[in-house]
Number of protein chains: 2
Amino acid sequence: MSRFTESTGKYLMLIEEELEKSLGLVVHSPLRESIGYVFSMGGKRVRPLLTIFAAEAVGECSDDVLHAAAAIEILHNFTLVHDDIMDNADTRRGKATVHVTRGVNTAILVGDQMMALAYDLLEKCSGKHLRESLRIFNEGVKQVCDGQALDESLSKSDGSSMPNYVDMISKKTGALLMSSGKLGALLGGGTDEEIRLLGDFGLNIGIAFQILDDMLDLEGDSERFGKPRGLDIMEKKKNFMFLKAQQSLDAGGIAVINAAYRKMSVTENDVVAVRKVYRDGGILDAAKKEVSDYTSNALSSLSALRQSEGKDALVELANSLVRRKF
Amino acid sequence: MSRFTESTGKYLMLIEEELEKSLGLVVHSPLRESIGYVFSMGGKRVRPLLTIFAAEAVGECSDDVLHAAAAIEILHNFTLVHDDIMDNADTRRGKATVHVTRGVNTAILVGDQMMALAYDLLEKCSGKHLRESLRIFNEGVKQVCDGQALDESLSKSDGSSMPNYVDMISKKTGALLMSSGKLGALLGGGTDEEIRLLGDFGLNIGIAFQILDDMLDLEGDSERFGKPRGLDIMEKKKNFMFLKAQQSLDAGGIAVINAAYRKMSVTENDVVAVRKVYRDGGILDAAKKEVSDYTSNALSSLSALRQSEGKDALVELANSLVRRKF
């Protein structure tokens with residue numbers, strides 16, 4: 001077993017323990033069982049791992065770091081519960097979503113309660129870092145809300161552009177990973193510069209991750225990802241591929257894509273046609289390059305840090321995210 | 001103009017200023033305009049006034065107190081935005097609700113963003129009280145979520161009882177007023193005992209306020225309150241009057257109420273009949289007594305405090321809430 005795998009396994013267990021323990025803070029709540037259900041839906045726990053490894057890259061993983069890591073994961077899960085309502089998503093990670101199993105009203109309240117629970121955990125951070133932790137955390141929450149709002153408005157607008165899109169994913173996906181890196185660095189005892197660098201690392205892997213996600217929508221193994229190929233096209237999402245195509249393709253290529261996006265119901269043939277246009281027109285390659293560039297940016301943020309197990313783990317974490325199979 | 005009216009007028013202006021200023025913290029957010037809309041919907045601002053007067057009852061109103069007062073009001077408004085979605089309410093204070101004017105998805109995000117904004121303001125509290133402020137605030141948020149969840153489940157359950165109801169309103173309405181009193185006392189420099197007493201004051205006026213609300217549903221001036229008389233009956237709410245009737249009335253009286261609650265659509269005649277049963281059976285008087293008892297409890301929490309303008313203002317605040325006309 002590699003050092004990274006071993007360390008990740010150990011921390012994943014500690015994260016689950018923290019999440020489980022946090023339920024003690026809502027022990028008398030009628031929403032407690034539903035929050036437990038959200039935790040049981042699992043996930044890669046990328047954000048808390050990032051928080052922990054960032055702390056280890058500048059110092060060490062203390063109880064404060066574990067609290068903050070769990071707080072970030074709870075916050076992330078709260079956004080998923082509310083996003084699933086907004087996106088009308090029936091399943092997540094192969095399990096029925098909260099609003100499907102417990103109704104929309106309960107799902108709204110579960111999200112709200114989880115947000116309070118996240119702050120409850122964060123409040124346990126030791127004295128000197130409490131205010132700064134709160135600032136970093138609040139900034140993450142506000143940006144995630146902004147990102148989701150931008151996503152909603154971009155999907156309805158005809159005038160969305162690549163800069164709008166990058167701004168949107170920076171907030172929707174990047175901001176919380178940025179907060180994860182910063183919080184870990186702060187609570188691990190890092191300098192202002194280290195906090196900044198680890199925030200940049202998080203932001204950049206967040207953007208890379210999201211563009212990869214857009215790419216995998218068409219190129220991924222649909223069984224493995226548990227969603228049909230071309231779901232973004234079916235849902236008329238103006239994702240990276242779509243916007244890059246509008247910038248780069250000739251009129252013929254764009255016509256194929258727009259024809260699919262104008263249909264009431266998109267067929268498998270439409271998805272195949274769009275995929276071919278993306279491949280032949282260099283859009284797939286452009287997306288790959290973009291993922292690689294943002295990943296390089298992330299890794300170069302680490303280069304100024306001294307050698308440490310935490311730094312190695314962050315490199316592995318970045319690579320493992322980008323290695324998701326096609 | 002009485003001293004209370006003058007002081008309330010001054011603080012109401014400061015509260016509006018704080019709310020307005022808080023928009024600067026979300027200045028680039030696509031949700032900013034909607035949050036401004038929520039603020040513009042107005043309200044009595046009871047919670048921030050309670051925070052401020054509690055501070056004045058033990059010390060003085062500082063910038064910290066104003067930040068916390070605005071944070072509490074923003075938190076309260078966030079719960080209203082989400083509650084209105086859950087209750088399918090088209091209007092609030094005579095204005096169209098956020099989900100009606102901007103869609104459910106935006107309303108969910110507006111609430112989420114407002115919660116973050118409330119914490120943003122709270123984070124401005126000076127060093128020594130930050131952690132305790134957060135604790136009091138978190139407790140309020142969690143209990144409000146619990147209260148709303150209990151309200152949802154009680155309305156669906158056949159077995160709801162008076163103790164369940166009091167527990168529910170203590171959380172749904174009492175908790176945030178309790179947090180308001182405690183926060184004001186803490187940031188005003190109060191002792192632990194003063195913080196406890198002013199928390200109790202808030203909790204008790206919250207409960208009195210809610211029972212009065214239930215009573216005004218049938219006895220209030222429908223034009224003045226902007227909702228039809230007997231709305232709770234139409235919506236089959238198991239409110240104080242209903243539950244008290246189940247405890248105290250004979251079979252004939254209960255039969256009249258249950259007949260109305262079983263109907264698909266309740267008529268004006270049903271409302272009149274239920275109102276008569278409540279009046280003749282002493283349920284109205286029992287509700288009045290309950291409001292009066294909880295108000296007395298609230299006022300007796302103040303009796304241990306030394307004389308001050310803040311204390312006088314709290315007495316006036318309690319009385320003004322209970323004096324709402326029939």
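**Ground rules**

I number residues from 1 along each chain as its sequence is written, and I letter chains from A and number ligands from 1 in the order in which they are written. Since I am working with a predicted model, local features need pLDDT of at least 70 and side-chain atom pairs count only at pLDDT 80 or more, while totals for chains, interfaces and linings use all residues.

**Entry 1: chain A as a whole**

I looked up the secondary structure and found 16 helices and two strands in chain A. Helices (H or I, at least four residues) and strands (E, at least two) are DSSP runs, numbered from the N terminus.

Next I checked the overall form. The radius of gyration of chain A is 20 Å, close to the 20 Å from the globule rule for 326 residues, so chain A is as compact as a globular protein of that length. Here the radius is taken over C-alpha atoms, and the rule is 2.2 Å times the number of residues to the power 0.38. The C-alpha trace of chain A spans about 60 × 50 × 40 Å along its principal axes.

How much of chain A is buried? I read off 52% of its 326 residues. A residue is buried if 20 or more other C-beta atoms lie within 10 Å of its own, exposed if 12 or fewer, and partly exposed in between, with C-beta atoms placed from the backbone.

I also looked at contacts, where two residues count if their C-beta atoms, placed from the backbone, lie within 7 Å. Among the contacts in chain A with a separation of 6 or more, 74% join residues 24 or more positions apart.

**Entry 2: the nonpolar core**

A nonpolar core is a set of buried Ala, Val, Leu, Ile, Met, Phe, Trp, Tyr and Cys residues joined through C-beta atoms within 7 Å. The largest one here has 200 residues. Ala71(A), Ala118(A), Ala71(B) and Ala118(B) have the most contacts inside it.

I followed one of these. Not counting residues up to four places away in sequence, Ala118(A) touches Ala71(A), Ile74(A), Leu75(A) and Phe78(A).

**Entry 3: where the chains meet**

I found 32 residues from chain B and 32 residues from chain A in the contact. On the chain B side, α4 (63-86), α6 (104-122) and α7 (130-156) each supply at least two residues. The largest share, 14 residues, comes from α7(B).

What kinds of residue are on that side? I noted 16 nonpolar, eight polar and eight charged. Ala, Val, Leu, Ile, Met, Phe, Trp, Tyr, Cys and Pro count as nonpolar, Asp, Glu, Lys and Arg as charged, and the others, Gly among them, as polar.

Then I compared the copies. A rotation of 180° with 0.0 Å of shift along its axis superposes chain B on chain A, with an RMSD of 0.0 Å. That is the relation of a two-fold axis.

**Entry 4: two arginines with positive phi**

Most residues other than glycine have a negative phi. Arg45(A) has a phi near 55° and is found in the loop between α2 (32-40) and α3 (46-58) of chain A. Arg93(B) has a phi near 50° and lies in the loop between β1 (91-92) and β2 (95-96) of chain B.

Which of these is buried and which is exposed? Arg45(A) is buried, with 20 other C-beta atoms within 10 Å. Arg93(B) is exposed, with 11.

I checked helix α9 (residues 192-219) of chain A. Its 28 residues should span 40 Å at 1.5 Å a residue, and its end C-alpha atoms are 40 Å apart, which agrees. The expected span is 1.5 Å times one less than the number of residues. This helix, α9(A), is mostly covered, with 22 of its 28 residues buried.

Gly230(B) sits in the loop between α10 (222-225) and α11 (231-234) of chain B. Leaving aside its neighbours within four places in sequence, Gly230(B) is in contact with Asp217(B), Leu218(B) and Val271(B).

Asp285(A) is in helix α15 (residues 283-302) of chain A and counts as exposed, with 11 C-beta neighbours inside 10 Å.

Definitions and conventions. Least-squares fit on C-alpha atoms with pLDDT ≥ 70 in both.
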